[in-house]
Amino acid sequence: MFNKISAWVLYPVLLLGMMWFLAGTVNKIMNNEKNDPGSIKTVSGWNKADSAVDSMLPWHDKALGLRTKLTIASGCSKIGDIYISRERLLREPKELDEAALYKTAESINSFYEKYSVPMCMALFPEAAEIYTDCLPENVTVPSQLQALDRFYENVDTKIRTVDAFHILSTFKDDYIYYRTVSGCTANGAYVIYRSLIRKMGYYPVPYDSCTISHVKNDIRGDLYDVCLYDEVTPDMLDVYICEKSSNVVSIEKFDGEKYTEGSFYDEEAYKSGDALSFYIGKPCLLTNIKTDVENGKKLLVLKDCYGDSMLPFLTQHYAEIDAVDMSCLDRQVSDFLKPDDYQQVLILCDADTLTDTDAFRFLSGN
C-alpha cells in the first residue's frame, strides 16, 4: 500500500522535474536564436538541442539521478534495460536471434574448412546470467544459454569450445564481473583462460605466480551512465604481472588504412576510467602484438571488447598475436592478413556479437 501511495506522489514530482528541465533547454535554444539569428542557417534545430543539453549536463545528471532515486523509492529497480541492486548493476540479456546464430556458425565452419587452422572458442555470457540472485524477486529475464547451446551444436565438432558460463558460475563469489561496467574483469578472464589455454595445448600461468596491482579503484562505467546510481561500489582496474613473464615488445594498430603505434595498457582509458578500453585501447580493426616469447607461434584472435582482458595472459604463450575486433570488421580478413599463417585461431566474444552475421561472413569470403 505504501509503495502505491509513494508512486502516486513521487511520479508527478518527477514529471514536473522533467518538464522544468525541457523548458529550460527550449528557453536556452530560443535565447541562442535571438542572440544569433543567422545560426539557424548552419546548425539544425536538433544539433542546437543537443548543444543546449550538453551545456546543461550537470542539470541533466541531477535530473537522471533524481529519476533513479524516485523510481527506486516507488518500488521499481529497473532503469531502461538496467536492473539495480545494492551489489551491482545488471543489463537485461537480449534474446538471441537463432537464425543469425546459425548463419554465424556456418561462417565459422567455412573459415575452419577453408584454412584448416586449429580453432578454439569461448563466449562470454551477460552478468545477469550469473548473478540471478541480484535480480528483483519474481522477475524473469530472457536467457541466452539455450540459444548458445544450440549454437555450439551447429559448430564443427573439430572446433574446441569452452563453456564460459559454467566456469564463471563456479567463481561467482569472486570479482569476475565488473559491478558498473558490462564486461569481465581481469580475474574473470583469468579463470576462463586457465581452462581455455589447456585446450590449446599449454599449461596456464599459475595464479600464485602473479602479482596483482589495483591500478585504479574508482571506475563507474557504461551501466552506471544509464542510471547514475552511486550506491554500488565502484570498480577496479587490475594489472597481472606474472613471475618470469614474457614482455610485450611492440604493439601496432591498423584502422583499415594505416598502422600506428599502440600501447598494451591505454593511458587515455586509464585517465578517463574507461575499463573496456584499458586493455589495448579503443576498438580497432587489427591490433598486432609482438612478444619476446621464442617459440615462433602466431595466434589469431577474433574478438570484441570482452576478450581484451584475456590478452595479457595469452602473451605468455605466443611470439605474436593478431587481434581482429569483430565490431570493426568491414572487409574480408584475407584482405589484410593471411589466416593460414597462424598456428591457432581463438574466438573470444560476447554472445550478442555472434548475431552480427555481416561481420562473421567476412571470415569465410562468402
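Beyond the neighbours within four places in sequence, Ser107 is in contact (heavy atoms within 4.5 Å) with Phe360, Arg361 and Ser364. The model is predicted, with local features needing pLDDT of at least 70 and side-chain atom pairs counting only at pLDDT 80 or more, while totals for chains, interfaces and linings use all residues. Residues are numbered from 1 along each chain as its sequence is written, and side-chain values use heavy atoms, leaving out hydrogens and water. Ser107 sits in helix H4, residues 98-115; helices (H or I, at least four residues) and strands (E, at least two) are DSSP runs numbered from the N terminus. At a relative accessible area of 10%, Ser107 is buried, a term that means under 20% with a 1.4 Å probe and protein chains only.

Helix H8 covers residues 186-199. A kink of about 30° is centred on Tyr193, the bend being the angle between axes fitted to the seven residues ending there and the seven starting there. Of the 14 residues in H8, 10 are buried, including Tyr190, Tyr193 and Leu196. Among the elements that cover them are strand S4 (119-124), helix H7 (164-170) and strand S13 (344-350). Just after H8, Gly201 has a positive phi of about 95°.

In S13, seven of seven residues are buried. Gln344, Leu346, Leu348 and Asp350 point one way, and Val345, Ile347 and Cys349 the other. In a regular strand, side chains alternate between the two faces of the sheet. Asp350 is the bridge partner of Phe124, and Leu346 that of Val301.

Note on methods:
Buried means under 20% relative accessible area, exposed over 50%, partly exposed in between (1.4 Å probe, protein chains only). The expected span of a helix is 1.5 Å times one less than its number of residues. Two strands pair if DSSP finds at least two bridges between them.
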